[in-house]
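Reader: I would like to go through this model in short steps. Please keep each answer to the point.

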Amino acid sequence: MACHIPRLVSLLKKKHFLCCISAVALKRMLNFNAPPLKNTAAEPVWKVLIYDRFGQDIISPLLSVKELRDMGITLHLLLHSDRDPIPDVPAIYFVMPTEENIDRICQDLRNQLYESYYLNFISAISRSKLEDIASAALAANAVTQVTKVFDQYLNFITLEDDMFILCHQNKELISYHAINRADIQDTDMEAIMDTIVDSLFCFFVTLGAVPIIRCPRGNAAEMVAVKLDKKLRENLRDARNSLFTGDSMTAGQFSFQRPLFVLVDRNVDMATPLHHTWTYQALIHDVLDFHLNRVVMEEGMGAEPSAGARPKKKSRKTYDLTAADKFWQKHKGSPFPEVAESVQEELDTYRAQEDEVKRLKSIMGLEGEDEGAISMLSDNTAKLTSAVSSLPELLEKKRLIDLHTNVATAVLDHIKSRKLDVYFEFEEKLMSKSTLDKSLLDIISDPDAGTPEDKMRLFLIYYITAQQAPSESDLEQYKKALLDAVCDLSPLNYIKQWKAFTKMAATPANYGNSGVKPMGLFSRVMNTGSQFVMEGVKNLVLKQHNLPVTRILDNLMEMKSHPETDDYRYFDPKMLRGSESSIPRNKNPFQEAIVFVVGGGNYIEYQNLVDYTKSKQGKKIVYGCSELFNASQFIKQLSQLGQK
Amino acid sequence: MAVDITLLFKASVKTVKTRNKAIGIGFDSTKDEIFKRSRPKSGFSPRAKEVITNITKLKDFLLQHRKDYVSAGSLISSDLSRMTDNDRDQIDQDAQIFMRTCSEAIKQLRNEAEKQVISAQIKEHRGAVLDLIETYLKGVCKLYSEQRAIRVKRMSFVFRPLEKTASSEVQDNPVNLWEESRVEDELSPEEIQMFEQENQRLISEMNSLVDEVRQIEGKVVEISRLQEIFAEKVLQQEAEIDNIHQLVVGATENVKEGNEDIREAIKNNAGFRVWILFFLVMCSFSLLFLDWYDS
């Protein structure tokens, strides 16, 4: 145990947490499952990486193509593409153990495509499928070629240090719509629960810790918790094959205390996914096309084609927003005006550094004729060498500044055209139940404030957060105004049902006190100097407030008593007998917590949790959800549900 | 955290084998193994591996002798670990020849890979493999040039104090010694002293020459390193300039075509106008004619 302590201490000091663990696991796999050597200039060993779509989604946020190349991967190919035989190269497979994938692997073995095969399955493979591969290998006489087979238990996608989602492909199968639709069969539900539990189980195996599970009663979250508890319990009891034994945990025990795992259902808070937001990352997700840390934008918009001329070609640009991008890491949770100012600042610093480098030219010219000045010359050459070697850094910085300028400009265009700041302010006021200075009807009937979807979102938030339902005549008025603005009213039907259901169940969610202060004239004067002219866009200051999910987490972590969370169920897989009680055995507040939203989550909740973590010292919180949707996708699901 | 199920796989293989034996399906394993062994020996991959082993040998050699190479050679250290300058020069030369042969081998492999008619995937794979080998070679060359730069810098610093002491000795000696040179064959003490002084002078001259040469060598090494960096950048720029050139040529072509089209359009326009005028004039003449015919 003593040898673990220095490793524990270093892990606690590490700032990067989940990304590190997953990335380390991936790198081990790519190094033929041996720990990577830290040798400088080690001999290159080349390999080929074969993945399916699930594997691609898992790898792409964590490792870039350049990093793959540095690890010796010469080719990376999809499993179900046409692949040519490359006879003297080892191949690493990273796939899900489904029927088609297994068939394709057997086909590859028969066709003798590669020299040796390292099979890595994203989640555990069943015995029968393993025997299928064995028989194919025997038939092709390739048993010696199958060098290693591993179960990687990596069936989840790590997007950030403290955020993960379950899957991106086939996410309709476990979406909010799939879980909450009226005509769902028991078998379907079982299948969905199994998928979710499998991924969560993989997550805990990778983390190397057995959590304490808390969940509310009576909804999908409870089903997931029961199944997960059962699965963890079975695995712990099976002493031979347990995945949680002490010596096999490497990145595991990151604290002496077990983490808290809070499962919540999406239905506890329906307003947050519809909310308009003001922080950078959440805005990008809401307004632009943002998946798996990649933004896809169309360039060349804005110029109107003159009559008769060919329209300007719109090129699609893809930007990766990664952990290496320092500006992104610093500002992804900041309010948008702050981001605009910071981009301006970065640009100024970059220009200053560029001028420094250019100045060296004149220095060199002046002191070239000094004789016998070896020291002077070597000093100059040292300066020149350092300037030249710092050039790649400068170029990289310039590229990032350009990236963020483009992205922020696109977001700003959307904000201006749809008047998103007005929506944001109004919704904040609705959610904190402070007085409204404009009536809802005004905004809905305003023809150039936002798309019909924006208006629908605003109205749904109003409906959800109203203490009592609006009167029939008011409702009719609103419906007419919405229909005038070409909105689709089917989400409203579903929300009515939901509201009726939750009124029966528990107290309605309280969104806490938040205040929104427009900063007014002073800030506008300050902003005129910046490149982003924010006229007409109010500079809003966010006051700290807690969304329902954050509040639930706070209560559970600090062991506070609150009517909302008092009757949450309590599961401890390590206890010998499962108990039905909801009295926690542990009286100390938890240091680590994992929050998981069944039915979908979004960046606003994530940002709120991050802010909460910052305010508490020494706590680590990880956010996960079964799928990540932005408001427009959520509204589509709601309208599908409302149409039934 | 990954779980190694290779043993489980091997167990499955055994199960399947026994099951097949029980059913009666057998596989002819020996023939296939013989076929496997006769794979081409002089393929791309064995040669690439050879280059890598050579580079590794060079790297090990450099690292092994690095301590001796870089050491200041103090007078107290034992003779076994001291390296003479000859040895160091030998190492430098050998290393350079080796690196040149390796980079030529890589270029050769690349040309061959280009010429062979193989699928796109294999081409990409081979290109990436050669890139990896080149990066490895660059890393090892960096090792070498680092230690060489250290050595040269140290040399240029070491010889400056020597030069100063030698020159101070020279100044003490009187200048006109040549007249008293060849009277006797026996070496009198004065002649011995004279010869000694001459020796000293020659030594100091040689030293200063050597010193200057070393200074120049140091400067040249630094310049060559910077040159390398610049050359890389220039090559990158060359590719981009080629690209721009292509684009510009395309643009001029398009503009020329555009001009032609405009000229034709003007001509058509003008021709069209002429025909309209003609038609109108004819119409008016026919009107006049009809009018005259009628009356």
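Reader: In which sense do strand 6 (residues 157-160) and strand 7 (residues 163-165) of chain A pair?

Author: The model is predicted. Strand 6 of chain A is joined to strand 7 of chain A by a hairpin of two residues. T158(A) stands opposite F164(A) in strand 7 of chain A. Three bridges link the two strands, and their sense is antiparallel.

Reader: How many helices and strands does chain A have, and what percentage of its residues is buried?

Author: Chain A holds 22 helices and 17 strands. The cut-off for buried is under 20% relative accessible area. Of the 644 residues of chain A, the share that counts as buried is 53%.

Reader: Is L441(A) buried, partly exposed or exposed?

Author: L441(A) sits in helix 15 (residues 440-445) of chain A. Leaving out residues up to four places away in sequence, L441(A) touches Q477(A), Y478(A) and A481(A). Buried needs under 20% and exposed needs over 50%. The relative accessible area of L441(A) is 23%, so L441(A) is partly exposed.

Reader: How far apart in space are L441(A) and L173(A)?

Author: In sequence, 268 residues separate L441(A) from L173(A). In space, the distance from C-alpha to C-alpha is 37 Å.

Reader: What area is buried between chain A and chain B?

Author: The size of an interface is often given as the accessible area lost when the parts come together. Here 56 residues of chain A are in contact with 47 residues of chain B. Carbon and sulfur atoms give 67% of the buried area, and that area is about 4600 Å².

Reader: Which residue of chain A forms a salt bridge with E124(B)?

Author: The count between chain A and chain B is two salt bridges. A salt bridge must fall within 4 Å. For E124(B), the closest N and O atoms are 3.8 Å from those of its partner, R69(A).

Reader: Which element gives the largest share of the side of chain A that touches chain B?

Author: Across this interface, seven residue pairs are in polar contact. Elements of chain A that give two or more residues to the side touching chain B include strand 2 (73-78), helix 8 (186-207) and helix 13 (374-418). The largest share is nine residues, and these come from helix 6 of chain A.

Conventions
Residues are numbered from 1 along each chain as its sequence is written. Chains are lettered from A and ligands numbered from 1 in the order in which they are written. This is a predicted model: local features need pLDDT of at least 70, side-chain atom pairs count only at pLDDT 80 or more; totals for chains, interfaces and linings use all residues. Side-chain values use heavy atoms; hydrogens and water are left out. Two strands pair if DSSP finds at least two bridges between them. Helices (H or I, at least four residues) and strands (E, at least two) are DSSP runs, numbered from the N terminus. Buried means under 20% relative accessible area, exposed over 50%, partly exposed in between (1.4 Å probe, protein chains only). Contact means heavy atoms within 4.5 Å. Buried area is the accessible area (1.4 Å probe) that two parts lose on being put together, summed over both. A salt bridge is a side-chain nitrogen of Lys or Arg within 4 Å of a carboxyl oxygen of Asp or Glu. A polar contact is a pair of N or O atoms within 3.5 Å; within protein, one must be able to donate a hydrogen and the other to accept it, and residues adjacent in sequence count only if both atoms are side-chain atoms.
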